[in-house]
Amino acid sequence: MRKLKVGIVGCGGIANGKHLPSMKKNGNFEIVALCDLIVERAEKAREEYGTEDARVYTDYAEMLKEEKDIEAVYVLTPNSVHAPVSIAAMEAGKHVMCEKPMAKTYAEAKAMVETSERTGKILTIGYQSRYRGDSAYLKQACENGDLGEIYYAKAHAVRRRAVPTWGVFLDAEKQGGGPLIDIGTHALDLTLWMMDNYEPEMVMGSVYRKLADQKDQGNDWGDWDPAIFTVEDSAFGFVKMKNGATIVLESSWALNTLDTREAQTTLCGTKAGADMADGLRINRIKYGRQCMEKPNLHAGGAAFFEGKSEDAQDVEQRVFYNAIVNGGPLTVEPRQAMVVTQILEAIYESGKTGKPVYFD
């Protein structure tokens, strides 16, 4: 299998915690250029993951101009520059893997889709939750019609006290929001994908900043600084789809609740329902009785064999590579991710105005 030459824009936490280790494990990627505003971060990533002659940049435009051999660019920056970097990369003839969320605004996401379609360059978004074993199983059940018509769903992204205190997560200008756009985006993407429904009609939202100024925080990652906490600490949305289906989205970094779930979905259909509260569970009526099925999603089973399952982030890299090199299908289509951003933006807008947001 041939090597794919790539450039990295953004060498922070998501690059080092997710993409770079998975590309290294895959073995079919050559990281030949790395860009970050903080040059030391790019240099450190080059030492661990780059080729021997990999070059370091602090300006992504310069990287795109000079690195003619790069086939793909990974956009792993704060949300505010997802769109401009992705668009510039595609205009320069590069395929793009952009981290979630697709963009800060629907207009930016739409511009990214239009650029991809005009240039013919592949664009996908880092919604790795789709590649988990439970997600893949449930998607197959949905596609097979096992749940029937899915008319009610919940998208779960709730933490009790787990506010990220590093990077720019608390910066509204750079991120566009807090838990809704950070982790709520995963839950909503997973839910829409399972329902195969990307036609919202109306959104109502409530956005709160209720706990951010408290001093007795009990945060998993240490105390946050209320002075720079300019985003919400929780947000909730009610989404009515054009076919009548309803989605309730809940997201928080800090909420006084014990019912914590992240990147999960609950689906209710005419034939069966499903949730991920205690592993994947499918509930139905069978032979006149209520029953619950819990598939075994772990490989192996024999006493002499320990099966191994592939990590979601590793599958993500393989799918992107295969799409570029072999023309394989994308799991995350850009138009799907665009609708996720459209709904998130509407929840924020409704939260500000107190009014529903309607779509054409």
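The legends below describe close-up views of a predicted model.

**View 1. The largest pocket and the elements that line it.**
In this predicted model, the largest pocket holds about 1100 Å³ of space. Of the 42 residues that line the largest pocket, those closest to its centre are Ile 14, Leu 76, Thr 77, Pro 78 and Phe 169. Two or more lining residues are given to the largest pocket by each of α1 (13-26), α4 (82-91), α7 (172-175), α8 (179-195) and β11 (261-269), and the largest share, 4 residues, comes from α8. Sorted by class, the lining of the largest pocket is made up of 19 nonpolar, 13 polar and 10 charged residues.

**View 2. The second largest pocket and helix α10.**
The volume of the second largest pocket is about 400 Å³, and of the 19 residues in its lining, Gly 176, Gly 177, Glu 232, Tyr 348 and Lys 352 are the closest to the centre. Helix α10 (residues 334-353) provides the largest share of the lining of the second largest pocket, namely 7 residues.

Helix α9 (residues 312-326) consists of 15 residues and reaches 20 Å from its first C-alpha to its last, which is close to the 21 Å expected at 1.5 Å a residue. The buried residues of α9 are Ala 312, Asp 314, Val 315, Glu 316, Gln 317, Val 319, Phe 320, Tyr 321, Ala 323 and Ile 324. Among the elements that cover the buried residues of α9 are helix α1 and the strands β1 (4-9), β2 (29-35), β4 (72-75), β5 (95-98) and β6 (123-125). Just after α9, the backbone at Gly 327 takes a positive phi of about 70 degrees.

An open sheet is formed by 9 strands in the order β14-β13-β12-β11-β7-β10-β9-β8-β15, with mixed pairing. Because β14 (289-293) and β15 (357-358) stand at the edges and each has a single partner strand, one side of each is left without a neighbour in the sheet.

**View 3. Strand β7 between its two partners.**
In the order of the sheet, β7 stands between β11 and β10. Strands β7 and β11 run antiparallel and are joined by 8 bridges, and on this side Tyr 152 has Cys 268 in β11 as its bridge partner. Strands β7 and β10 (residues 246-252), by contrast, run parallel and are joined by 7 bridges; here Val 158 stands opposite Ser 252 in β10.

**View 4. Two hairpins that share strand β13.**
Strand β12 (residues 272-275) pairs with β13 in the antiparallel sense over 4 bridges, and Asp 275 has Arg 281 in β13 as its bridge partner. The hairpin of β12 and β13 has 5 residues between the strands, and within this hairpin Gly 279 takes a positive phi near 75 degrees. Strand β13 (residues 281-286) also pairs with β14 in the antiparallel sense, over 5 bridges, with Lys 286 opposite Arg 289 in β14 and Ile 282 opposite Glu 293 in β14. The hairpin that β13 and β14 form has 2 residues between the strands, and Tyr 287 in its turn has a positive phi of about 55 degrees.

Ser 234 lies in strand β9 (residues 234-241) and has a relative accessible area of 3%, so Ser 234 is buried, the cut-off being under 20%. Leaving aside residues up to four places away in sequence, Ser 234 touches Pro 179, Ser 206, Val 207, Tyr 208, Ser 251, Ser 252 and Leu 255.

**View 5. The surroundings of Pro 164 in a loop.**
Pro 164 is placed in the loop between β7 (150-158) and α7, where its relative accessible area of 2% means that Pro 164 is buried. Its contacts, not counting residues up to four places away in sequence, are Arg 159, Phe 169, Leu 170, Trp 221 and Trp 253. Pro 164 and Pro 179 are 15 residues apart along the chain, and their C-alpha atoms are separated by 9.5 Å.

Terms used: Residues numbered from 1 in each chain as written. Predicted model: local features only at pLDDT ≥ 70, side-chain atom pairs only at ≥ 80, totals over all residues. Heavy atoms only, no water. 1 Å grid on protein atoms, 1.4 Å probe; cavity = no way out; pocket = protein on both sides within 12 Å on 5 of 7 lines; lining within 4 Å. Points joined across faces, edges and corners; volume = space filled by probe spheres on them. Nonpolar A, V, L, I, M, F, W, Y, C, P; charged D, E, K, R; others polar. Expected span 1.5 Å × (residues − 1). Buried < 20%, exposed > 50% of the residue type's maximum accessible area, 1.4 Å probe, protein only. Contact = heavy atoms within 4.5 Å. Pairing = 2+ DSSP bridges.
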